[in-house]
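Please look over the structure shown here before reading on.

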Amino acid sequence: MKTRDNKDKHSFKQTLQNNIYVMKLGREICPSRIIHALFKTVIDYAGWVFFSAYFMRYVVNALDTGKPPRDIFLFVFVCGLTFFIGNMYWDYVDNVVVPLTDTKVYHGVYMRLYRKARNVELRCYENADFYNKYTMAIDDAGTKITTIIDSFWGVFIGIVGVVLIFYAMFEVSPLSVLFIISPLVGNFFFGTIWNRLLVKRYEEGVPNDKVLNYVNRVMYLGEYAKEIRLSNVFRLLKRQYHDATDRSVEVANKYAFRVSTMNFLRIEFTFTVIFEGVLLYAIYENLVRGTMSLAQLTVMTSLMVSATWMLIGLFESIMNMVKNGMFISNLRAFLEYEEQIPENQDGILADAGFETLEFDKVCFSYQDEETIKDLSFTVHKGETVALVGHNGAGKTTIIKLMLRLYDPTSGVIRLNGIDIREYNLNSYRKLFATAFQDVCLFGMSVKDNILMGVHREDEEEQVIRALKKAGVYERIEKLPHGIDTIMTKEFDEEGAVLSGGESQKVAVARAFYKKCPVKIFDEPSSALDPIAEYELFDSIMKDGEKNTMIFISHRLSSVKNADLVLMLEQGTIIESGTHSELMKADGSYAQMYKKQAMNYLAVDSVEGVTL
């Protein structure tokens with residue numbers, strides 16, 4: 001994942017561009033959030049300016065010059081009514097508009113993140129740098145965006161308000177405006193350094209947070225509970241947790257002195273110097289030099305208080321823009337990342353059906369390690385093709401290349417004679433139904449775990465049929481709500497927790513349910529006993545009579561009826577042919593088959609299954 005370097009990412013120009021990017025994003029998602037934030041900010045700063053620069057001055061001057069009480073009371077009443085209406089709107093925005101619109105913003109942002117996460121190619125998730133940036137992008141993204149929306153207007157409206165306040169102070173005493181230098185130094189110099197240190201500390205801590213979150217997750221997930229109790233793995237998890245915590249402490253210590261020092265200087269220059277300085281200056285002008293009347297001192301004090309709090313608000317908005325603008329770099333980099341295999345890639349519609357799938361001198365490397373080497377073979381319509389070999393031979397990688405989860409480093413994969421990269425990706429993948437060995441069951445009903453979003457009129461009947469073919473319907477039927485039972489107990493106390501083998505059968509049922517010309521099974525029986533495996537493959541073979549079938553099996557007795565067996569070793573085909581042909585050749589395949597036959601012979605003979 002290509003991103004801007006840190007120096008560019010933390011520059012003022014880049015930070016400003018990130019904030020403008022967020023405002024455009026917010027306008028696309030929820031324009032009313034932008035508008036109400038503007039009006040609320042205008043009312044907020046207008047209240048400070050009016051109260052200090054005009055209201056207090058009028059009242060003090062009116063009392064000093066002896067204006068009629070009626071005029072003063074009327075002025076105060078009208079101003080109070082105006083403030084009341086403004087505060088009502090401010091309160092309405094804060095308690096009604098913001099919660100509603102923030103929800104829309106959060107939803108819009110996370111939907112964009114989830115769509116992008118779904119759209120990026122699979123190997124991005126196998127890249128630690130990419131995953132770190134995705135983690136930082138998604139971390140509290142909604143809150144950061146709404147904070148920037150508020151801060152964006154706070155900066156521009158705040159600047160206008162501060163200028164008006166200091167102009168009013170200038171009218172009372174020109175020298176008083178020199179105190180603005182102090183908060184400028186505090187925030188623009190010390191504050192900027194402080195925020196950059198916070199961002200660097202956060203970024204260095206992300207890898208440690210990933211470990212801590214992983215251990216936390218493992219400790220409450222039921223699938224790990226047995227292993228934790230029946231082994232010493234808890235010690236290893238505890239060591240991981242302690243090591244990550246120690247590294248987090250090291251990061252905190254690394255930045256502690258600099259962060260605390262910059263924050264102290266920021267606060268002192270921003271608040272203490274201007275607040276105390278202006279007040280002491282006004283008292284000096286009144287008591288020592290006699291150049292400032294008591295009325296002017298009162299007005300100056302009011303202006304100074306307003307100026308202080310407005311500067312606090314202004315610089316808080318600036319720092320929020322700077323700090324969150326730096327974080328937004330990760331969000332922006334992620335959302336603007338150009339996918340190498342975008343899920344929405346357009347192209348030729350794969351509606352001509354399936355005739356051939358050809359690998360032509362295909363090579364594939366992952367992180368500079370070549371895992372598939374000069375691979376060539378062809379799968380024809382109606383064939384059953386088996387991929388066999390030792391672990392790490394490249395069998396699953398070939399399946400991922402077929403499904404275009406990866407693209408070859410070199411060579412071509414062709415569907416019906418056309419490079420698969422020229423097809424509309426969605427229509428191409430609809431040709432395949434898959435069942436992987438690493439089963440993922442979702443926290444939804446059994447039925448939805450089979451449908452996977454693909455609905456049709458006779459879906460319930462077809463779901464039951466698919467479960468029966470997979471040999472798991474009797475188990476599902478006994479669940480509290482049958483096929484409507486929720487998987488896992490995370491959301492439902494009556495949820496189902498299936499065994500590894502039962503879960504694999506549900507995954508196979510997904511492939512049985514889906515109507516498509518090619519069915520792919522990647523070690524679909526790795527958690528099954530030999531008899532259950534034989535029965536499952538019997539169903540797979542029968543289903544394959546109407547489809548093209550590609551499967552991986554660690555048990556070679558399952559591939560006897562395949563039309564083509566490809567024996568792989570270190571990413572290349574070392575033998576190919578039918579089971580009979582490979583047995584006659586007496587090569588690697590035959591040797592592996594004979595070794596397995598010796599292990600399973602006793603079991604299979606007892607059950608009446610012939611090898």
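What is the order of the strands in the open sheet of 4 strands? The order is β2-β1-β4-β5, and the pairing is antiparallel. This is a predicted model, in which local features need pLDDT of at least 70 and side-chain atom pairs count only at pLDDT 80 or more, while totals for chains, interfaces and linings use all residues. Residues are numbered from 1 along each chain as its sequence is written, and side-chain values use heavy atoms, with hydrogens and water left out.

**The open sheet**

- Strands of a sheet pair through backbone hydrogen bonds, either parallel or antiparallel.
- Strands here are DSSP runs (E, at least two residues), as helices are (H or I, at least four), numbered from the N terminus; two strands pair if DSSP finds at least two bridges between them.
- β2 (369-380) and β5 (418-419) are the edge strands, each pairing on one side only.
- Strand β1 (residues 356-366) runs antiparallel to β2, and 8 bridges join them.
- Leu357 has Val379 of β2 opposite it.

- Strand β9 (residues 564-569) is mostly covered, with 5 of its 6 residues buried; buried means under 20% relative accessible area, exposed over 50%, and partly exposed in between (1.4 Å probe, protein chains only).
- Strand β3 (residues 384-389) pairs with β9 in the parallel sense over 5 bridges, and Val388 stands opposite Met567 in β9.
- β9 is also joined by 5 bridges to strand β10 (residues 572-577), and these two run antiparallel.
- Leu568 has Ile573 in β10 as its bridge partner.
- The hairpin of β9 and β10 has 2 residues between the strands, and Gln570 in the turn has a positive phi of about 50°.

- Strand β7 (residues 518-522) is largely enclosed by the rest of the structure, because 5 of its 5 residues are buried.
- β6 pairs with β7 in the parallel sense over 4 bridges, with Ala433 opposite Lys519 in β7.
- β7 and strand β8 (residues 548-552) run parallel and are joined by 5 bridges; Asp522 stands opposite Ile552 in β8.

**Helix α3**

- The 35 residues of helix α3 (residues 31-65) should span 51 Å at 1.5 Å a residue, and the end C-alpha atoms are 49 Å apart, which agrees; the expected span is 1.5 Å times one less than the number of residues.
- α3 bends by about 40° at Phe51, the bend being the angle between axes fitted to the seven residues ending there and the seven starting there.

**Cysteines**

- The whole structure holds 0 disulfides, a disulfide being a pair of cysteine sulfur atoms within 2.5 Å.
- Cys79 counts as buried because its relative accessibility is 6%.
- Cys363 is buried too, with a relative accessible area of 14%.

**The largest pocket**

- A pocket is an open set of points on a 1 Å grid over the protein atoms alone, where a 1.4 Å probe fits, with protein on both sides within 12 Å along at least five of seven lines; lining residues have an atom within 4 Å of a point.
- The largest pocket has a volume of about 1,800 Å³, the volume being the space filled by probe spheres set on the points, which are joined across faces, edges and corners.
- Its lining has 41 residues, of which Leu405, Arg429, Thr434, Phe436 and Met452 lie nearest the centre of the pocket.
- Elements that each supply at least two lining residues include α4 (69-119), β6 (432-435) and α16 (500-513).
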